[in-house]
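Student: Please take a close look at one part of this model, a single sheet and what surrounds it. Then set that part in the context of the whole.

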Amino acid sequence: MAKKDAVIETRDLTKVYNGLVAVDRLNLRVYEGEVYGLLGPNGSGKTTTILMLLGLTEPTSGSVRVVGWDPRRYPLRVKAQVGYIPDRVGFYDDLTAWENLMYTAKLNGIPRREAYRRVDEALAWVGLSEVAHRPVRTFSRGMRQRLGVADVLIKQPRVIIMDEPTQGLDPESAREFLDLIRTLKKEGKTILLASHLLHQVQAVCDRVGLFHKGKKALEGTVEELGRQVLGTSHYVIVEVAEDAQRLAEPLRGLKHVQDVEVLDDRTLWVKSLQDVRPEVAAAVVQNGGRLLRLDVELPSLDDIYTHYFQTAGEAQE
Amino acid sequence: MTVARATRVQREGSPWTGLWAVVAKEMADHLSSTRMHILEFLIALTAIGTVYSAASAIRSVASLEPKYLFLKLFAVAQEPFPSFVDFLGFLVPLIAIALAFDAVNSEFNQHTLARVLSQPIYRDALLMGKFLAGLFTQFLIYAAIWLLIFGLGVIQLGVPPTSEEVGRALWLLVATVFYGGVWMAVALLFSVRFRQPATAALASIALWLFFTVFWGMVATSLASIIAPIRVGLPEELLAQARWQLALRRVAPGQLYAEILVAMLRPEVRSLSIVLPFQLEGALLGQPLPLSQSVLLIWPHLTGLIAATLVLFALAYIMFQRQEVRA
Ligand SMILES: Nc1ncnc2c1ncn2[C@@H]1O[C@H](COP(=O)(O)OP(=O)(O)OP(=O)(O)O)[C@@H](O)[C@H]1O
Ligand SMILES: [Mg+2]
């Protein structure tokens with residue numbers, strides 16, 4: 001059996017809302033066990049795509065397969081294996097966390113005893129056992145989001161789809177939440193994550209798809225995207241004691257180096273396709289420079305994203 | 001050449017998967033909600049008050065008319081109180097609307113809809129579950145009230161009810177649940193249509209007021225337009241009266257009121273306009289057996305049930321077409 005099975009697969013998936021193309025001929029493949037990030041500005045079609053994956057919205061055309069089934073024809077089979085945490089996930093405020101999860105268990109047809117066990121386990125897993133019997137009304141945003149995770153765990157899904165899961169969380173809760181996602185990945189779940197919070201996506205996603213106006217514009221690991229969009233995958237920062245300008249020319253001549261930018265009298269930025277720190281260090285010394293600091297940075301998703309949408313914006317005009 | 005097909009794909013799996021989970025949850029909500037407690041308290045108080053005063057009135061004439069005492073508990077009005085069934089005419093719609101006006105829109109407002117519909121169930125089960133839970137809740141409430149009335153009756157009148165009386169009360173119970181069903185379906189429809197529960201509640205109440213207060217006048221004037229009286233012939237008078245009655249019966253309250261009359265007053269032989277010659281050979285004042293009275297209300301009862309189903313179907317179609325996103 002092939003190691004890489006597509007758990008989610010779409011072909012030319014399209015959704016048109018009265019003349020407005022929300023998702024445009026999308027071809028998406030998400031493989032077993034990976035964390036895939038759907039990235040894109042507001043209105044780029046992320047939520048619409050997710051709803052079509054779950055059979056909650058009818059596609060206008062194209063085909064979808066999730067865990068091997070067409071969600072239009074076999075929505076119940078798909079939904080039995082796919083957990084979904086909508087953006088701004090809601091619970092019945094007057095019921096307790098435990099009651100809310102029990103309802104989910106019943107809707108999944110889980111027998112009572114088994115349901116008790118799973119609910120307790122799920123609540124413990126997200127650290128909400130203490131407040132299990134408090135009405136959800138009293139929960140904070142972060143607690144609700146974690147309850148959302150507990151809620152999808154009840155059905156023991158193969159795939160978990162999250163829409164803007166860290167929106168509205170403070171940095172600490174967001175970090176905790178990202179840890180939860182990493183743990184889920186370790187447990188072998190396939191995760192599809194829609195977001196526009198770039199550094200968070202970068203922190204957890206194996207691959208990223210960049211959405212733009214309903215189309216998947218780019219796809220790959222962050223490093224691959226960097227190469228595609230910026231033409232660069234590494235930044236080497238060089239700090240010397242004085243006269244940085246003089247070193248620019250010799251550094252440009254090095255192998256793999258694409259560009260050198262002089263930031264000020266003491267700092268240089270070397271853009272390259274590889275980590276060229278040893279070569280840079282040697283060149284600086286050879287040219288009589290006094291090296292103070294040498295650092296390498298990978299381009300962040302932020303840079304890629306900003307750069308991509310700037311050029312995409314310019315191309316439109 | 002292939003032609004793109006816009007037809008709906010056949011779905012697999014029962015649309016009722018998860019139905020009973022929804023019913024159980026919704027009933028638990030209803031039975032523990034403050035809103036319903038207030039209404040239950042109100043209807044119980046009304047029942048006790050009216051039945052108590054009716055009982056004293058009945059006792060004073062019981063020796064003269066010893067039949068159907070328990071039915072009179074429902075129907076007899078003792079000044080200054082109206083009878084219990086007079087109250088039912090507006091308490092039932094009120095309870096029904098209270099049960100459903102926020103059924104669907106509250107799911108949107110609490111952002112629970114997408115999460116619930118991402119469980120392995122169809123939308124059908126969610127809407128049907130909510131509707132059934134409302135019907136069952138009404139049945140529970142009215143059954144409890146009926147028992148209360150019979151209990152009070154036994155204490156106050158000192159005799160047990162006859163099986164005929166129990167039978168008539170049961171038919172009345174069924175009719176009451178479906179009279180409530182119509183208004184619940186109206187409220188459910190509005191709860192699908194309007195995002196604000198307050199709007200849905202007001203729209204339901206407005207429709208109810210329209211039918212209770214204005215529809216009678218509308219029916220009268222429409223009847224005089226459709227079947228005008230030009231010369232004053234008896235045929236013309238009759239035609240207009242028939243039209244008027246037919247139009248009035250569009251209002252669920254009218255159907256329910258006629259059911260009440262037929263069930264609680266066994267001597268009523270017809271619910272339509274009766275001409276003197278049709279009564280020839282009939283023994284006036286002789287009560288009808290239960291089976292005959294049931295035949296009388298049968299069209300009314302099926303009318304109420306049909307209206308409930310049609311309204312529910314409308315709500316269902318509208319809900320199926322809605323986007324899950326608020
Ligand atoms: N029910 C609807 N009717 C009409 N248009 C809609 C509907 N739902 C979404 N759209 C449109 O579809 C497009 C894609 O919306 P979608 O919600 O998928 O974007 P998104 O990427 O999830 O954005 P966000 O980051 O804001 O959540 C938007 O232009 C939106 O206006
Ligand atoms: Mg979205």
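Tutor: Start with a definition: two strands pair if DSSP finds at least two bridges between them. Keep in mind that this is a predicted model.

Now apply that cut-off. In chain A, strand 10, residues 234–240, is joined to strand 13 by six bridges. The two strands run antiparallel. Strand 10 of chain A also has six bridges to strand 12, residues 267–272. That pairing is antiparallel too.

The open sheet in chain A has four strands, in the order 11-12-10-13, with antiparallel pairing. Its edges are strand 11, at 257–262, and strand 13, at 291–297, each of which pairs on one side only. On average, neighbouring strands of the sheet are turned by 20° against each other, direction ignored. Behind the pattern lies a general rule: strands of a sheet pair through backbone hydrogen bonds, either parallel or antiparallel.

Go down to single residues. E239(A) has R293(A) as its bridge partner in strand 13 of chain A. On the strand 12 side, I237(A) stands opposite W269(A). In a regular strand, side chains alternate between the two faces of the sheet.

What covers these strands? Helix 10 of chain A, residues 277–286, lies across strand 10 and strand 13. Helix 10 runs at about 160° to strand 13 of chain A. How enclosed is strand 10 of chain A? Six of its seven residues are buried, so strand 10 is largely enclosed by the rest of the structure. Buried here means under 20% relative accessible area.

Next, the chain around the sheet. Chain A has 11 helices and 13 strands. Of its 317 residues, 51% are buried. Its C-alpha atoms fill a box of roughly 75 × 45 × 40 Å along the principal axes. Take the contacts in chain A with a separation of 6 or more: residues 24 or more positions apart account for 68% of them. Chain A carries 43 positive and 44 negative charges, whose mean positions are 8 Å apart.

Most residues other than glycine have a negative phi. N18(A) has a positive phi, near 25°. V67(A) also has a positive value, near 40°. Where do they sit? N18(A) is in the loop between strand 1 (6–17) and strand 2 (20–31) of chain A. V67(A) is in the loop between strand 4 (61–66) and helix 2 (75–81) of chain A. Are they buried or exposed? N18(A) is exposed, because its relative accessible area is 80% and the cut-off for exposed is over 50%. V67(A) counts as buried, because its relative accessibility is 8% and the cut-off for buried is under 20%.

Now the partner chain. Chain B has 12 helices and zero strands. Read along the sequence, its pattern is α-α-α-α-α-α-α-α-α-α-α-α. Its C-alpha atoms fill a box of roughly 80 × 55 × 35 Å along the principal axes. Buried residues make up 47% of the 326 residues in chain B. Of the chain B contacts between residues at least 6 apart in sequence, 79% join residues at least 24 apart. Chain B exposes about 15,800 Å², with carbon and sulfur atoms supplying 69% of it. There are 22 positive and 18 negative side chains in chain B, and the centres of the two sets lie 8 Å apart.

One residue of chain B leads back to chain A. K25(B) lies in helix 1 of chain B, residues 19–32. K25(B) touches Y92(A), L95(A) and Y103(A). Is K25(B) buried or exposed? K25(B) is buried, because its relative accessible area is 9% and the cut-off is under 20%. Within chain B, K25(B) and L152(B) are 127 residues apart in sequence. In space, K25(B) and L152(B) are 33 Å apart, C-alpha to C-alpha.

Return to the sheet to finish. Strand 10 of chain A has six bridges to strand 13 and six to strand 12. Helix 10 of chain A lies across strand 10 and strand 13.

Notes:
Residues numbered from 1 in each chain as written. Chains lettered and ligands numbered in written order. Predicted model: local features only at pLDDT ≥ 70, side-chain atom pairs only at ≥ 80, totals over all residues. Heavy atoms only, no water. Buried < 20%, exposed > 50% of the residue type's maximum accessible area, 1.4 Å probe, protein only. Contact = heavy atoms within 4.5 Å. Areas by Shrake-Rupley, 256 points an atom, 1.4 Å probe, with all protein chains shown as cover. Lys, Arg positive; Asp, Glu negative; His and termini not counted. Charge placed at Lys NZ, Arg CZ, Asp CG, Glu CD. Axes fitted to C-alpha atoms, helices over the stretch in contact; angles between N-to-C directions. Lists of a residue's contacts leave out its neighbours within four places in sequence.
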